[in-house]
Amino acid sequence: MELGNVHTKWKSVAFVFLLLIVSIVSGAPGVCPPACVCASDIVSCTNRNLSTVPRTIFKFIRKLDLSYNKIGFLDPDWFPVMFDKLHALILHHNTISSISSGSFSTLRNVRYLDLSSNNLRTLSNPVFQELKMLEELLLYNNQLTNIDSGAFGGLHKLQKLYLGDNGLSHFPLDLYIGRNKLSELVMLDISHNNLQSVPVQDISLISARQLSGIYLHENPFVCDCQLNTMLNFWYRKRFAPVMDFKSYYTCSFPSESKKQHLLQENFINCSDSTVNESFYAFGLLYEVQIAERLVVHCDSKIVNKDTQFIWRSPEGKILQPEKKTEHFRVFINGSLEIEEAQIIDSGIYSCTAINKLVNETIDIRVTVGNFTSYKSHSHEAFNTAFTTLAACVVSIILVLLYLYLTPCKCCCKSKKNKRKQNQNSAHSSILSATPSHEPQVERKSSTGKRVVFLEPVKETDQGQNGKVRLIPNENLTADSILKNSRSKSDSDSVNSVFSDAPFIAPV
């Protein structure tokens, strides 16, 4: 017995020792790293003078904070193991100066990456391609002066990109146009850089959904009429970047150090200097489904009661108010209507607003396409909502019908009383010796009532009421019938009594 207990104890010790070895080999013990603070799925290793990531860190964490440390560079080996559940990685206020390709191969599900306040000077391509799920990337307050065109290639789900407080001198147009464009990018912060100008004509080709999220404030712009026109147009459209930071959009002339506000109507007399010339502005991007109707507005800032409008199509056709040309029509207020738009109608339309002092031309891009993938989701959502609503209405109607159209209890009682009355009449007719044509007194039938089986027979004699006679013995009385018949339930009694001929007992 004692030998068996010793064997069991040694077996338990060996099992615990084996578990310890497995945990050490796997590199993921069930304890929090000494230099970090852990809370459920969050690990904070901030301000610990770390130059590398702790090797014993939990694998199941979702948020890791490594800010205010001394991590100097990122290469394919800087992160120890695969972290499939990590969604947020915070690395701001380190000394990161370079990022190599493959640095994020073990962090493929990260959606939020903060690399702000480091020493990055350039971004080669591609360095973020493994982050397929990344939605928000913070790179502000670095020393970036150059970003390769493919540096953000592969970030197809990126929605917000912060590049403020750097040394960039060129607008990153590759984010919106070209092979590496980010179609989901709706917010770009490129404020506090060294931009002196921006490609206004190229920016005008960006869709309004993306255009309304470009922040350009606090840049050393050179005063320019086209830039002023573009920013004023954004202001009239109430885009957040100019509505929130209106006073921070300034410019200066090369020979002057005094700054001027860009967002003002009479900016450096741009309108006066363009008398008898075309003063260009750039409108929004309109998208329309094939064969649908589209109305494009001429958003000119010189519109008044004396303003006249002329439109020019991408093919050079002149479109004037009250003169319908093919499937185009211009209204008195300057709006252009395109009936049953076709793909060949895509292109840049020019609206010229003419008054006594100035002619202003606004270029607007129209894209006609088959956007079925987008509409299918909206239609599917509508159909689902409509089906649910219809089901609810039908259910309510059925409940109301059940509550208000169910036969009332009084009707049921009257029918039951009538049935009982008929049953009592039948019983009384069985016990009656002579036929009676007077109404019977209402009686209650009790359970266990004995009745006789009747056999309808055609009879020629007139003494038996012409239809039914008793089973052979004519001398039977009603009392003997009740004594010799087998008992039946009330329901059977009613059924047997209500045969197609009444029974008359002989006298």
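Strand β19 (residues 308-312) is joined to β23 by five bridges, and the two run antiparallel; strands count as paired if DSSP finds at least two bridges between them. In this arrangement I310 stands opposite T352 of β23. Strand β23 (residues 347-354) is largely enclosed by the rest of the structure, because six of its eight residues are buried, where buried means under 20% relative accessible area, exposed over 50%, and partly exposed in between (1.4 Å probe, protein chains only).

The model is predicted: local features need pLDDT of at least 70 and side-chain atom pairs count only at pLDDT 80 or more, whereas totals for chains, interfaces and linings use all residues. Residues are numbered from 1 along each chain as its sequence is written, and side-chain values use heavy atoms, with hydrogens and water left out.

The mean pLDDT of the protein (the predictor's confidence in each residue, from 0 to 100) is 75, and 66% of residues reach 70 or more. Over residues 272-279 the pLDDT is below 50, and this stretch has 15 contacts in the model beyond near neighbours in sequence; a contact means heavy atoms within 4.5 Å. Residues 426-503 also have pLDDT under 50, with 76 contacts beyond four places in sequence.

The protein contains nine helices and 24 strands. These elements are DSSP runs numbered from the N terminus (helices H or I, at least four residues; strands E, at least two). Of the 507 residues, 36% count as buried. The accessible surface comes to about 30,300 Å², with 54% belonging to carbon and sulfur atoms; areas come from the Shrake-Rupley method with a 1.4 Å probe, and for residues only the protein chains shown count as cover. Among contacts with a separation of 6 or more, 61% are between residues 24 or more positions apart.

A nonpolar core is taken as a set of buried Ala, Val, Leu, Ile, Met, Phe, Trp, Tyr and Cys residues joined through side-chain atoms within 4.5 Å. The largest such core has 69 residues, of which F128, F152, L216 and W234 touch the most other members. The elements giving two or more residues to this core are α2 (200-203) and α4 (225-236), and α4 gives the most, with five residues. Beyond its neighbours within four places in sequence, L216 is in contact with F171, I190, L195, V198, F221, M230, W234 and Y249.

Four disulfides are counted, a disulfide being a pair of cysteine sulfur atoms within 2.5 Å. In one of them, C36 and C45 have sulfur atoms 1.9 Å apart, and the link is right-handed, with 100 degrees about the S-S bond. C36 is buried at a relative accessible area of 9%, and C45 is buried at 0%. Another disulfide joins C223 to C251 (S to S 2.2 Å); its S-S torsion is about 90 degrees, so the disulfide is right-handed. C223 lies in the loop between β14 and α4 and C251 in strand β15 (residues 250-252), 28 residues apart. C298 and C351 are likewise joined (S to S 1.9 Å), but with a torsion of about -100 degrees, so this disulfide is left-handed. C298 is in the loop between β18 (294-296) and β19, and C351 is in strand β23, 53 residues apart.

Positive phi values occur at N47, near 55 degrees, and at E218, near 60 degrees. N47 is exposed at 56% relative accessibility, while E218 is partly exposed at 32%.
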